[in-house]
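Biologist: Can you walk me through this model? I'd like to start with the ligand site.

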Amino acid sequence: MSTLLFIRDVARNPVRMGAIAPSGRQLARAIVAAAQVAPGDVVIELGGGSGSFTRELVARHPENPLTVFELSADLAAGLRREFPSVRVVAAPVEDFPKVAPSLGISRVDRIISGLPWALWGEARQAAVLDALTPYLAPTARLVTFHYLHSRSLGRVSITQRLLRERFARVTHSAPVWANMPPAYLNIAESPRGCGPLTPR
Ligand SMILES: C[S@@+](CC[C@H](N)C(=O)[O-])C[C@H]1O[C@@H](n2cnc3c(N)ncnc32)[C@H](O)[C@@H]1O
(Lines give C-alpha, C1' and ligand atoms only; values in the text may rest on other atoms or scores of the structure.)
Protein backbone atom coordinates (compact mmCIF):
# COMPACT_ATOMS: atom_id res chain seq x y z
CA MET A 1 0.00 0.00 0.00
CA SER A 2 2.75 2.44 0.95
CA THR A 3 4.45 1.78 -2.40
CA LEU A 4 1.29 2.95 -4.18
CA LEU A 5 1.16 6.03 -1.96
CA PHE A 6 4.85 6.63 -2.74
CA ILE A 7 4.30 6.49 -6.50
CA ARG A 8 1.29 8.80 -6.19
CA ASP A 9 3.39 11.28 -4.20
CA VAL A 10 6.17 11.10 -6.81
CA ALA A 11 3.62 12.02 -9.50
CA ARG A 12 2.36 14.92 -7.36
CA ASN A 13 5.69 16.22 -6.13
CA PRO A 14 8.78 14.73 -7.82
CA VAL A 15 11.22 17.26 -6.30
CA ARG A 16 10.09 16.59 -2.74
CA MET A 17 10.27 12.85 -3.26
CA GLY A 18 13.59 12.79 -5.13
CA ALA A 19 13.17 9.18 -6.29
CA ILE A 20 11.11 7.29 -8.81
CA ALA A 21 10.70 4.21 -6.64
CA PRO A 22 11.10 3.24 -2.99
CA SER A 23 14.60 2.27 -1.83
CA GLY A 24 15.34 -1.43 -2.32
CA ARG A 25 15.95 -4.04 0.37
CA GLN A 26 19.71 -4.14 -0.27
CA LEU A 27 20.06 -0.39 0.19
CA ALA A 28 17.92 -0.58 3.35
CA ARG A 29 20.13 -3.37 4.71
CA ALA A 30 23.30 -1.46 3.86
CA ILE A 31 22.17 1.83 5.40
CA VAL A 32 20.94 0.22 8.62
CA ALA A 33 24.10 -1.89 8.95
CA ALA A 34 26.28 1.21 8.41
CA ALA A 35 24.43 3.05 11.17
CA GLN A 36 25.78 0.53 13.72
CA VAL A 37 22.83 1.01 16.06
CA ALA A 38 23.65 -0.08 19.63
CA PRO A 39 21.19 -0.95 22.41
CA GLY A 40 19.61 2.20 23.83
CA ASP A 41 20.58 4.42 20.89
CA VAL A 42 17.98 7.05 20.02
CA VAL A 43 17.40 6.75 16.27
CA ILE A 44 15.85 9.32 13.92
CA GLU A 45 14.90 8.55 10.32
CA LEU A 46 14.58 11.46 7.90
CA GLY A 47 12.05 11.15 5.06
CA GLY A 48 10.51 7.76 5.85
CA GLY A 49 8.65 7.58 2.51
CA SER A 50 7.24 4.13 1.89
CA GLY A 51 9.07 2.70 4.91
CA SER A 52 11.92 0.72 3.30
CA PHE A 53 14.44 1.88 5.89
CA THR A 54 11.86 1.89 8.72
CA ARG A 55 11.05 -1.78 8.01
CA GLU A 56 14.71 -2.76 8.24
CA LEU A 57 15.27 -0.68 11.39
CA VAL A 58 12.26 -2.19 13.15
CA ALA A 59 13.32 -5.71 12.12
CA ARG A 60 16.96 -5.29 13.23
CA HIS A 61 16.55 -3.00 16.22
CA PRO A 62 13.04 -3.45 17.63
CA GLU A 63 14.06 -2.24 21.09
CA ASN A 64 15.51 1.12 20.01
CA PRO A 65 13.32 4.20 20.21
CA LEU A 66 12.72 5.28 16.59
CA THR A 67 11.20 8.55 15.40
CA VAL A 68 10.53 9.07 11.70
CA PHE A 69 10.02 12.48 10.07
CA GLU A 70 8.00 12.43 6.87
CA LEU A 71 6.78 15.56 5.12
CA SER A 72 3.92 13.93 3.19
CA ALA A 73 0.85 13.53 5.41
CA ASP A 74 -0.33 10.55 3.33
CA LEU A 75 2.99 8.73 3.58
CA ALA A 76 3.23 9.55 7.30
CA ALA A 77 -0.23 8.01 7.81
CA GLY A 78 0.89 4.90 5.88
CA LEU A 79 3.97 4.61 8.11
CA ARG A 80 1.84 4.90 11.25
CA ARG A 81 -0.45 2.14 10.01
CA GLU A 82 2.39 -0.21 9.13
CA PHE A 83 4.62 0.52 12.15
CA PRO A 84 2.42 1.19 15.18
CA SER A 85 5.42 1.01 17.53
CA VAL A 86 7.24 3.80 15.67
CA ARG A 87 6.70 7.49 16.36
CA VAL A 88 5.97 9.18 13.04
CA VAL A 89 6.08 12.98 12.81
CA ALA A 90 4.31 14.44 9.77
CA ALA A 91 6.51 17.53 9.55
CA PRO A 92 9.69 18.71 7.84
CA VAL A 93 12.91 17.68 9.56
CA GLU A 94 13.75 21.38 9.78
CA ASP A 95 11.09 21.54 12.55
CA PHE A 96 13.11 19.17 14.75
CA PRO A 97 14.11 21.84 17.35
CA LYS A 98 10.44 22.86 17.68
CA VAL A 99 9.13 19.34 18.23
CA ALA A 100 12.05 17.69 20.06
CA PRO A 101 10.90 18.85 23.54
CA SER A 102 7.39 17.44 23.05
CA LEU A 103 8.95 14.20 21.78
CA GLY A 104 11.16 14.07 24.89
CA ILE A 105 14.31 13.94 22.73
CA SER A 106 17.38 15.75 24.04
CA ARG A 107 20.05 13.51 22.43
CA VAL A 108 20.26 11.74 19.09
CA ASP A 109 22.65 8.83 18.51
CA ARG A 110 21.85 7.66 14.99
CA ILE A 111 20.36 9.42 11.97
CA ILE A 112 19.31 7.49 8.88
CA SER A 113 18.34 9.65 5.98
CA GLY A 114 16.30 8.98 2.86
CA LEU A 115 16.14 12.69 1.99
CA PRO A 116 16.71 13.86 -1.61
CA TRP A 117 19.79 16.00 -0.87
CA ALA A 118 20.93 16.08 -4.51
CA LEU A 119 17.81 18.04 -5.47
CA TRP A 120 18.35 20.74 -2.88
CA GLY A 121 20.46 23.86 -2.83
CA GLU A 122 22.96 24.66 -0.10
CA ALA A 123 20.58 26.69 2.11
CA ARG A 124 18.06 23.88 2.44
CA GLN A 125 20.66 21.18 2.98
CA ALA A 126 22.35 23.30 5.66
CA ALA A 127 18.99 24.07 7.33
CA VAL A 128 18.24 20.35 7.69
CA LEU A 129 21.70 19.56 9.11
CA ASP A 130 21.66 22.55 11.45
CA ALA A 131 18.26 21.56 12.84
CA LEU A 132 19.78 18.26 13.98
CA THR A 133 23.46 18.75 14.80
CA PRO A 134 22.97 20.52 18.17
CA TYR A 135 21.25 17.35 19.42
CA LEU A 136 23.93 14.90 18.35
CA ALA A 137 25.74 12.78 20.94
CA PRO A 138 29.58 12.82 20.66
CA THR A 139 29.43 9.26 19.28
CA ALA A 140 26.59 10.05 16.88
CA ARG A 141 26.59 8.77 13.32
CA LEU A 142 24.58 10.00 10.33
CA VAL A 143 24.12 7.78 7.29
CA THR A 144 22.59 8.95 4.06
CA PHE A 145 22.74 7.95 0.42
CA HIS A 146 23.17 9.43 -3.01
CA TYR A 147 22.38 7.80 -6.31
CA LEU A 148 25.54 7.02 -8.31
CA HIS A 149 24.29 8.97 -11.32
CA SER A 150 23.83 12.10 -9.18
CA ARG A 151 27.59 12.32 -8.44
CA SER A 152 28.00 14.62 -11.41
CA LEU A 153 25.52 17.10 -9.88
CA GLY A 154 27.12 19.99 -7.96
CA ARG A 155 24.66 19.48 -5.13
CA VAL A 156 26.24 16.18 -4.13
CA SER A 157 29.53 17.94 -3.52
CA ILE A 158 27.60 20.53 -1.50
CA THR A 159 26.23 17.74 0.73
CA GLN A 160 29.70 16.33 1.20
CA ARG A 161 31.21 19.70 2.07
CA LEU A 162 28.39 20.49 4.51
CA LEU A 163 28.86 17.11 6.18
CA ARG A 164 32.63 17.64 6.47
CA GLU A 165 32.06 21.05 8.05
CA ARG A 166 29.87 19.45 10.71
CA PHE A 167 31.52 16.04 11.21
CA ALA A 168 35.20 15.20 11.74
CA ARG A 169 34.97 12.01 9.70
CA VAL A 170 32.97 11.48 6.50
CA THR A 171 33.41 8.29 4.46
CA HIS A 172 31.66 6.66 1.51
CA SER A 173 30.63 3.07 0.92
CA ALA A 174 31.10 0.95 -2.16
CA PRO A 175 28.13 1.20 -4.55
CA VAL A 176 25.01 -0.77 -3.72
CA TRP A 177 24.52 -2.08 -7.27
CA ALA A 178 21.39 -4.04 -6.38
CA ASN A 179 19.41 -0.83 -5.78
CA MET A 180 17.49 0.75 -8.62
CA PRO A 181 19.13 3.14 -9.36
CA PRO A 182 22.46 2.08 -7.79
CA ALA A 183 23.46 4.18 -4.80
CA TYR A 184 26.27 4.64 -2.29
CA LEU A 185 26.27 5.67 1.33
CA ASN A 186 27.76 8.73 3.02
CA ILE A 187 28.68 7.96 6.62
CA ALA A 188 29.36 10.92 8.93
CA GLU A 189 30.84 10.44 12.41
CA SER A 190 32.15 12.51 15.28
CA PRO A 191 30.10 15.69 15.16
CA ARG A 192 32.34 18.72 15.49
CA GLY A 193 32.12 20.47 18.84
CA CYS A 194 31.36 17.16 20.58
CA GLY A 195 34.96 16.06 21.23
CA PRO A 196 37.21 13.46 19.56
CA LEU A 197 36.04 10.22 17.94
CA THR A 198 35.03 7.94 20.78
CA PRO A 199 35.26 4.20 20.12
CA ARG A 200 32.01 2.43 20.92
C1 LIG B 1 13.60 9.24 -1.57
S2 LIG B 1 12.09 9.40 -0.72
C3 LIG B 1 11.99 8.16 0.54
C4 LIG B 1 13.04 7.15 0.72
C5 LIG B 1 12.58 5.99 1.58
N6 LIG B 1 13.76 5.30 2.05
C7 LIG B 1 11.72 5.04 0.74
O8 LIG B 1 12.26 4.09 0.20
O9 LIG B 1 10.53 5.22 0.63
C10 LIG B 1 12.33 10.87 0.22
C11 LIG B 1 11.25 11.16 1.24
O12 LIG B 1 11.61 12.34 1.97
C13 LIG B 1 10.44 13.09 2.23
N14 LIG B 1 10.88 14.46 2.50
C15 LIG B 1 11.33 15.38 1.60
N16 LIG B 1 11.69 16.51 2.22
C17 LIG B 1 11.49 16.30 3.56
C18 LIG B 1 11.70 17.10 4.74
N19 LIG B 1 12.19 18.34 4.63
N20 LIG B 1 11.37 16.57 5.94
C21 LIG B 1 10.86 15.30 6.03
N22 LIG B 1 10.65 14.50 4.95
C23 LIG B 1 10.96 14.99 3.74
C24 LIG B 1 9.59 12.92 0.98
O25 LIG B 1 8.22 13.19 1.24
C26 LIG B 1 9.87 11.45 0.63
O27 LIG B 1 8.93 10.59 1.20
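Modeller: Of the 24 residues around the ligand, the nearest are S23, S50, S52, E70 and V93. A residue counts as near if one of its heavy atoms lies within 4 Å of the molecule. This is a predicted model: local features need pLDDT of at least 70, side-chain atom pairs count only at pLDDT 80 or more, and totals for chains, interfaces and linings use all residues. Residues are numbered from 1 along each chain as its sequence is written, and side-chain values use heavy atoms, with hydrogens and water left out.

Biologist: What does E70 do there, in distance terms?

Modeller: A polar side-chain atom of E70 is 2.6 Å from an oxygen atom of the ligand. That is a polar contact, a pair of N or O atoms within 3.5 Å.

Biologist: And which part of S50 faces a ligand oxygen, backbone or side chain?

Modeller: Backbone. A polar backbone atom of S50 lies 2.8 Å from an oxygen atom of the ligand.

Biologist: How far is R124 from a ligand nitrogen?

Modeller: 3.3 Å, taken from an N or O atom in the R124 side chain. As for cover, the ligand taken alone exposes 600 Å², and the protein buries 100% of that (Shrake-Rupley, 1.4 Å probe).

Biologist: Which helices supply at least two residues of the shell?

Modeller: α2 (14–17) and α4 (52–60) each do. Helices here are DSSP runs of H or I, at least four residues; strands are E, at least two.

Biologist: Switching topic. How do α3 and α4 cross?

Modeller: Their axes come within 9 Å and cross at roughly 55°, with α3 spanning residues 25–35. The axes are lines fitted to C-alpha atoms over the stretch in contact, and angles run from 0 to 180 degrees between N-to-C directions.

Key:
Polar contact = N/O pair within 3.5 Å; in protein donor to acceptor, adjacent residues only side chain to side chain.
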